[in-house]
Structures are given as C-alpha cells and as structure tokens.
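This report describes the protein shown below, going from the overall fold to single residues.

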Amino acid sequence: MKQYIYYAFRTLHRYPVRGTFVLLLFFGAGLFPGAGFAQQPAAASGLVVKGKVTGSKDSETLVGVSVLERGTNNGTVTNVNGEYSISVSAGAHLVFSFIGYTPEEIPVNGRSILDVVLNESSQNLEQVVVIGYGAQKSTEVTSSISKLTLANIDLRPNSQIDKAMVGKIAGVQVQEVSGRPGRDLAVRVRGTGSISNSNSPLYVVDGYPVSSGLDLINPNDIESIEVLKDAASAAIYGSRASNGVVLITTRSGKSGKPTFSLDAQFGLQKRFSRVDVLNRDEYIDFAIEERNNSWILRGGKATDPNELRASSAYWIDPLWLTDPGSFPDHDWQDIVDRTAPVQSYQLSASGGTENLKYYVSGNYFDQKGIILGSDYKRLSFRANVEAKASRIFTLGMNLGVNGITTNDSDGDGTEGPVIQSIRVAPIVGLDQQTQKGGYYQYHAAFMLNPV
C-alpha cells in the first residue's frame, strides 16, 4: 500500500497540471482491480503480451502508462515497476501513452515480450521563470516578470551588468547619472519610493543576494537576467525586495566537446558636448568692462588706478590694456578632456559530459575616463562546475574572483575638473594658480563681486 501511494505522489509532483488525473489512474489500476482501467477479457487468440515501459531520460520506469489495443477497449496500465500484461488478438497494435511523453504505437507481430521506451514530448514543455523558491509558467506572470537572455544582451564592452540592461527590459528604468568609469547606474523597478533610503532593487546572483556593487560581476558571464516586479513574486526576499528583485543567472557548461571562446573588444569614448566659452580676447574685453562698471557703481571712476580701487575684484591687469596678446588662449575643457579608450578581453571554456559540466572564464576590462586622472580596471575569473554524483544527488560550485582598480577625479562635484574647466579664464597659464606658478590675482575676481 505504501509503495502505491509513493509512486502516485511522485507522478503528481512531476506533472502538476494533470497530477490529479494520474493519481486517479493509479488508484483505479492498483487499488481497485475492478475499476475501468483493469485489463479487459482475453481476446480470442489468447496471445499474452508482457513488457516494461521506461522513459528515455535515465531509463526511469513509468507508472500508470496507458496500454491500449488499437481500435478496441482492451487496455491496461503499468504497475509500480513499470510492467504490464495484456491479452491481444492476432495482428494487434498496442498504443502506449503517458502525460508528458510522445505516444507510441507498436505492432505486436506475435511477440510475447515487448519493452517500450517513451520519449519526452517537447510540445508539452513551456518556458518557466524562477520566483523565489519555485517556478511558474511565463504566460501566468508576464505582467510582473521581465526576462533578458544572453541573445538580447548588448554586445558593447559593458563594464557592469546594469549598463547591459539599458533599454532592454520593459518597465525598468536604467539611467546613467555619472560619466565616471565604473560608476553604478540608477536602476528603478518601481520608481522612487524613498527620499533618504536606497531605491535600488535587490540583486540575486545564482540564488545568492549580493550586497556589494555589480562591478564585481563580469557581464560576459551572464546567461539571463530576470526582474521580479510585483510583491507576490518578490515576497520571499522580505523587505529587501521592496524595490524589486533582479535575478542574475551566470553561464554554465553543457554536455559535449570542449568549446573555447576568445572575445576581444576595443572602443573610444569622447565627451558628447561642451560649453561655448570666451576666448582670450573676448574674455579680456569682458573683464575690463565688467570691472570698470562695477567700480563705477561703487562711486569710483573708470580711470582710477588699482591702488584706489577697494579690492582685487575691481582690479585691471595693466597687460590687458598694453599687451593682451602676451596671454595664453586656453579652452580648459580641451585640457582636462581626452578621447578615452575602452577595451575588454575574455577567454572562456565550457563543455562536459552527462555527469560533469563546467564553464570557466577569465576577463580583463580596462576603461579610461574622458577626464584626465580617471580610469577603471577589472580582472575577473569565474568557474561554474556541476557534477552528478548519483541519480538524485548533484554537486555544484560557483566561484567568482575579482580584482578592481579605480581612480576617480571627482568629476561630478562642483569643485571637480568638469565645472572648473568652464570657470577658469582662458588667459590663466597651465602653471598658474598653483604653488609653483603662483596665484594670478586678476583671475575671475568679478565672479565674487557682490554688485
């Protein structure tokens, strides 16, 4: 009795859509011999055919397989050992059918022993998506889950995963808030829900939540990205999932001959636009007029020398009037900017057998910033190994090692090189305003003038 119940619930677990129907089949055949699936009376020929039905995968015995003589009501089902016995007429054809497998019709041809192997039906398989501890058909959760596969990931040399998500997943906002190399993008799954706390989603890599930045994961190692948007699918992760969950699955090996892949990418980055600033002559003319007018508003005269003017905010460099050509003519945006190279090199190997599968990769990524003094380098290694120790026991290892070097010029700050390259006058030399070159007292003093 216990064996019958075990196999019935085992079938119910594997095929949840029609599990109840399979369970009824089992109890009708095994526990109630007089039920509708009991063997029909023997045919006139009296030929008894016996055999065993197994699945194509791992030669697993199939319980509750329907065995029916074609064109008649004469039929039976396999027992807990996958065995059957049926009396058929001369020239009979037996039809074997089971949920999730392709039906087979086989002529008896006088044989008394007939073993059958059923193949899984690909037509019954549907794409599933992971939600917490379980899985659901994608047709049931399309509105709440978005998926990005390897084929859809941008082939540009992206330094981080979030850059590969830009414009690829519906309903997910990915915005670049900084041009600094290695800087995380702003990812919003449910919009902005907090002013002071983080609005970033929870990232889960191969089933493990990641607390550090995504720069530790090489985008070239990604197999798929799934975004859980609604509260039901993300509830398993608790309050950490209040801003949504991003499930990241890395690549794994597949059975077959070893496959080696070498990927090399190189590109150039350049500042998209610049501010139109004054050149040397325009700046000098503007500075003279502005300082004279500001001093006149204070009650002075345009002809007053610097000694009579209240502060350096109203001073005029004598060389502005006598030799303006002696000053340099710099656009400081040209000085702090550069055309920055970005390069990525990856070598990977994958393969394996039915019992051992592996994926190993190494990646070197180097991105120079468009502002001098900024760069980002990452050296990463990943190994995903899966070993099948037995029929029901599988061992797996996911190993990721990364080394990151970054230099940040603080280009986003108000005192950083981007803003200062607009404020510094074109007549200031490269060695001025420094300890070596000395302070140029006539520079940009009008900016501080409280007119």
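## Overall make-up

The protein has 8 helices and 21 strands. The model is predicted, not determined by experiment. Of the 451 residues in the protein, 39% are buried. Among contacts between residues at least 6 apart in sequence, 61% join residues at least 24 apart.

## The second largest cavity

A search of the whole structure finds 2 cavities of 30 Å³ or more. The second largest cavity holds about 30 Å³ of space.

Which residues line the second largest cavity? The lining consists of Leu216, Ile217, Asn218, Asp221, Ser380, Phe381, Arg382, Gly400, Val401 and Asn402. Two strands, β20 (375-388) and β21 (394-407), each supply at least two residues of this lining. By residue type, the lining divides into 4 nonpolar, 4 polar and 2 charged residues.

## Aromatic pairs

The whole structure contains 9 aromatic pairs. Phe365 and Tyr376 form one that is edge-to-face, with 6.2 Å centre to centre and 65° between the planes. An angle over 60 degrees is what places a pair in the edge-to-face class. Phe365 lies in strand β19 (residues 356-368) and Tyr376 in strand β20, so the pair ties together parts that are 11 residues apart in sequence.

Are the two partners buried or exposed? Phe365 counts as buried because its relative accessibility is 1%, and the cut-off for buried is under 20%. Tyr376 is also buried, with a relative accessible area of 1%. Strand β20, which carries Tyr376, is one of the strands that contribute to the lining of the second largest cavity.

Elsewhere, Tyr283, Trp315, Trp320, Phe327, Tyr440 and Tyr442 form one aromatic cluster.

## Helix α5

Helix α5 covers residues 280-297, which is 18 residues.

The buried residues of α5 are Arg280, Tyr283, Ile284, Ala287, Ile288, Glu290, Arg291, Asn292, Ser294 and Trp295. These buried residues pack against α6 (318-322). Tyr283, buried in α5, is also a member of the aromatic cluster.

## Gln333 in helix α7

Gln333 is found in helix α7, which covers residues 332-336. With a relative accessible area of 0%, Gln333 is buried, because the limit for that class is under 20%.

What does Gln333 touch, leaving out residues up to four places away in sequence? Its contacts are Arg271, Arg274, Val275, Val277, Ser421 and Ile422.

## Ser112 in a loop

Ser112 lies in the loop between β6 (104-107) and β7 (116-118). At 40% relative accessibility, Ser112 counts as partly exposed, because that class runs from the 20% limit for buried to the 50% limit for exposed.

Not counting residues up to four places away in sequence, Ser112 touches Val48, Val49 and Lys50. The C-alpha atoms of Ser112 and Ile86 are 9.7 Å apart in space, and the two residues are 26 apart in sequence.

Notes
Residues numbered from 1 in each chain as written. Predicted model: local features only at pLDDT ≥ 70, side-chain atom pairs only at ≥ 80, totals over all residues. Heavy atoms only, no water. 1 Å grid on protein atoms, 1.4 Å probe; cavity = no way out; pocket = protein on both sides within 12 Å on 5 of 7 lines; lining within 4 Å. Points joined across faces, edges and corners; volume = space filled by probe spheres on them. Helix = DSSP H or I, 4+ residues; strand = E, 2+ residues; numbered from the N terminus. Nonpolar A, V, L, I, M, F, W, Y, C, P; charged D, E, K, R; others polar. Phe/Tyr/Trp six-rings, centres within 6.5 Å; stacked < 30°, edge-to-face > 60°. Buried < 20%, exposed > 50% of the residue type's maximum accessible area, 1.4 Å probe, protein only. Expected span 1.5 Å × (residues − 1). Contact = heavy atoms within 4.5 Å.
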